[in-house]
Structures are given as structure tokens and as C-alpha cells.
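Keep the viewer open as you read.

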Amino acid sequence: MFGGHMVGARRLGGAQARGRACSGGRSYTRPKPARMRLPMARCFVTRVLPGPALDRLRDRHEVDVWPDRLPPPYQELAARAAGVEGLLTTLTDRVDAALLEHCPDLRVISNYAVGYDNIDLHAAAGRGIVVGNTPDVLTEATADLTFALLLAAARKLPEAIESVREGDWLTWEPGRYLGQAVAGATLGIVGLGRIGTAVAQRALGFEMTVLYTGGGQGSEAVRRVSFDTLLEESDFVTLHCPLTAATYHLFDADALRRMRSSAILINTARGPIIDQEALRDALLAGEIAGAALDVTEPEPLPPDDPLLSTPNLIVVPHIGSATRVAREDMADLAVENLLAGLDGRPLPHQVGVAV
Ligand code: DGY
């Protein structure tokens, strides 16, 4: 479920796994070693999480869970974080230096996301607070959504669905709803990490040529190229890099202009990697053919945001990891990270501070 941690546990079979030892064909129950009861800690969890993971946290610690559909406002988050040792956040919670200044007892922040751009890692490290995240368990779900968006944009699914609903499906028409071929096209991946690699695997199944730029390790089938070459040669460009100072507005007017006029841009990473005003202009001017966004700046995008009335654009509400299994596994991992941090053990997934 979460890497070596659970795999190791699964390897113990039968008697061993149940704490029994065998000797000379007889088995006996090994007395449980006396476990030192670690003190209870106070935890604040900023959202109700799917699955049973939070019960495991409640078994060990005093847990305050924010019950609303909307996240706690910043001041509320700051007030609650000020009195706890463990904090479980989601990507919508801003944990900055000013907030951390008032958290004298905080020892661990567990972020329910693979991305952690909502947390000031340097400020946390400076106060000896460890930070965990939830990679791996959402990789396949996010890669699936990326491909769903790619296919939907390439084959104009939103327009086709809308025209059926509006009674505009008059007959089978040779020249209507014409989209782009995916098989055999070139996909450019910005950031070949876990999710980028999973997207590349799907693309190879569609017999696409796969290029990548930025971090990651390619293979014979997945060729590393410069950012410019990727923009110039790709029919589809998909973003899988973290949001950092270097990737903020990486896709600005200039980058969009260098893409093919037939190209489609997909973003399931973080909204601010794209300059949305420049994207709107590029779509209106026909500099690129389409875009599909799972992430925007801000989130949520207000219903009257001009981007939403831009042609050839799909926007979905940040659902990359939204499968039941991925979200429950993320909850398991986030709770494991928090429990480990509170016990003073290494986190199953600790985020390092870039120097
Ligand atoms: C993440 O985990 O960073 C995704 O954006 C949401 O699951």
C-alpha cells in the first residue's frame, strides 16, 4: 500500500505474522514485549478524510477534525495549529512562516498530497518540524486523469456531449466533430517523475512518440530534449513538474507561442505553472489548439473567470487523485506519517528541504 512499509509487513506469513513461533512441530504464543506507552499528542486535521485512517490516529492521540466542506480559514488554521504537536493538512491549507511562528509545540506536519508548495519547508525545518507527503499512492490515478483529459481534448468530447444534449445531433456527418489523432502523435512531458513516467507508459501504449524535459530518468523509448525542442515538436504537452520559483509561469506567452498551433496543453500539476491570461490569449489567437486543466490559479476558479468562456478549453476541479482507492491510501499514508513523526520515528515519506 505504501511502498516498503506494507510490503515488508506482508512478507511475514502465517504463524510469524500472528506473533507465534514454531519449535519442534509445536507452536506457542510468544508473549508480547512490554510496549512503552508513548504520551498522547494533540493533533489538528484540517478535513474529514475518506476511509478508516483517522480512526487509527484517534486510537493513539487526541484528534480535532475540521468538519466543514470548506477548509478552515487561515486565522482558524493558525489558532488551532498553535496548540498541537501534529498537524494534518491538505493542499488548500497555507502553512507559512508567520503561522509556524506561533506553533511552539508543533513537531510534524503531514500533508495529504504529493505536492507541498502550500508549506514553507524552510520555516518548518528551522523550527525542527518534519514534513511528510503522500507520493506513489496517487500516481496511477493522476496519470489516468491526465490521459482522460488528453483524449477528451483531442476528440472534442465536451463539444460532442453538449451538442447531443442540445438536440444538435441531426445525423452522422462526415465533417463534424473532427478531432486530433492520438495514436502516433508526439507527447511532450515536462517533468518525468513518478506521475510523468506513468503518463509516458500510457502514451507508449498508444504508440506515441514520447519526449521529456526537466527532471527524471528517460529510457530508449522516452527521449530527453530541451524545453524549446519539446515545445516545437510536441502535439500534446503535459505538465508534471512541481510548482517552484523556477516553474512559476513557465508556460508564459513566449512558451505558448513556440508551441505548435495544433498542439494541446494539459496540466494536472499546479495551476500557477501556466500564466492563465497568456493561455487565454493564445487560445483566442489560435496559437495553440486547446488546453485541459485539472488545476488553476486560483482554486476554485470563480464561475465568472474569463478563462471559463475561452474556446477549446476544458477545466475540471482538481480531481487528479480522486479515485476512492487513491484517496483512502493517501489518508493511510498521511496518518502513518503523522504517527511516525509524533513517535519520533522516521516518516514513511518525509519531504526534504531543497538547499
Ligand atoms: C497532490 O497530491 O499534490 C495532488 O495535486 C492532489 O492529490
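## The core

By a nonpolar core we mean a set of buried Ala, Val, Leu, Ile, Met, Phe, Trp, Tyr and Cys residues joined through C-beta atoms within 7 Å. Bear in mind that this is a predicted model. The largest such core has 94 residues, and the members that touch the most others are Cys43, Leu150, Val210, Ile264, Ile288, Ala292 and Leu338. Helix α13, residues 324-343, supplies the largest share of this core, with 10 residues. Both domain 1 (39-137 + 324-343) and domain 2 (139-165 + 178-315) put at least three residues into the core.

Which residues does valine 210 touch, once its neighbours within four places in sequence are set aside? The contacts of valine 210 are Leu187, Ile189, Ala200, Ala203, Leu204, Ala221 and Val222.

## The chain as a whole

Zooming out, the protein chain carries 13 helices and 14 strands. Of its 355 residues, 38% are buried. Take the contacts with a separation of 6 or more: 61% of them are between residues 24 or more positions apart.

## Around the ligand

Now for the ligand. The residues around the ligand are Leu91, Ala113, Val114, Gly115, Leu138, Gly320 and Ser321. How does that shell divide into nonpolar, polar and charged residues? There are four nonpolar residues, three polar ones and no charged ones.

## Helix α12 and its cover

Helix α12 runs over residues 276-284, and its buried residues are Gln276, Leu279, Ala282 and Leu283. Looking down the axis of α12, you find these buried residues within an arc of 115°, so they line one face of the helix. Among the elements covering the buried residues of α12 are α11 (253-258), β13 (290-293) and β14 (313-315). Just after α12 comes glycine 286, with a positive phi of about 75°.

Is isoleucine 274 buried or exposed? Isoleucine 274 has 27 C-beta neighbours inside 10 Å, and 20 or more make a residue buried, so it counts as buried. Its contacts, leaving aside neighbours within four places in sequence, are Phe251, Asn267 and Leu279. Leu279 is also one of the buried residues of α12. Isoleucine 274 and alanine 255 are 19 residues apart along the chain, with 9.8 Å between their C-alpha atoms.

With 22 C-beta neighbours inside 10 Å, valine 84 counts as buried. Not counting residues up to four places away in sequence, valine 84 touches Arg42, Cys43, Phe44, Asp105 and Leu106. Cys43 is also among the core members that touch the most others. C-alpha to C-alpha, valine 84 is 8.5 Å from arginine 107, while the two are 23 residues apart in sequence.

Lysine 156 lies in the loop between α7 (139-154) and α8 (157-165), and it is partly exposed, with 19 other C-beta atoms within 10 Å. Histidine 249, not a glycine either, has a positive phi of about 55°. You'll find histidine 249 in the loop between β11 (236-239) and α11. Histidine 249 is partly exposed too, with 15 other C-beta atoms within 10 Å.

Then there are the cis peptide bonds. Which residue is joined to proline 298 by a cis peptide bond? The partner is glutamate 297, and omega is about 0°. The bond from glutamate 299 to proline 300 is cis as well, with omega near -5°. Proline 298 belongs to the loop between β13 and β14, and proline 300 is found in the loop between β13 and β14 too.

Key. Residues numbered from 1 in each chain as written. Predicted model: local features only at pLDDT ≥ 70, side-chain atom pairs only at ≥ 80, totals over all residues. Near = placed C-beta within 6 Å. Nonpolar A, V, L, I, M, F, W, Y, C, P; charged D, E, K, R; others polar. Buried ≥ 20, exposed ≤ 12 C-beta atoms within 10 Å, placed from the backbone. Helix = DSSP H or I, 4+ residues; strand = E, 2+ residues; numbered from the N terminus. Arc of directions from axis to C-beta. Contact = placed C-beta atoms within 7 Å. Domains from an automatic or database assignment.
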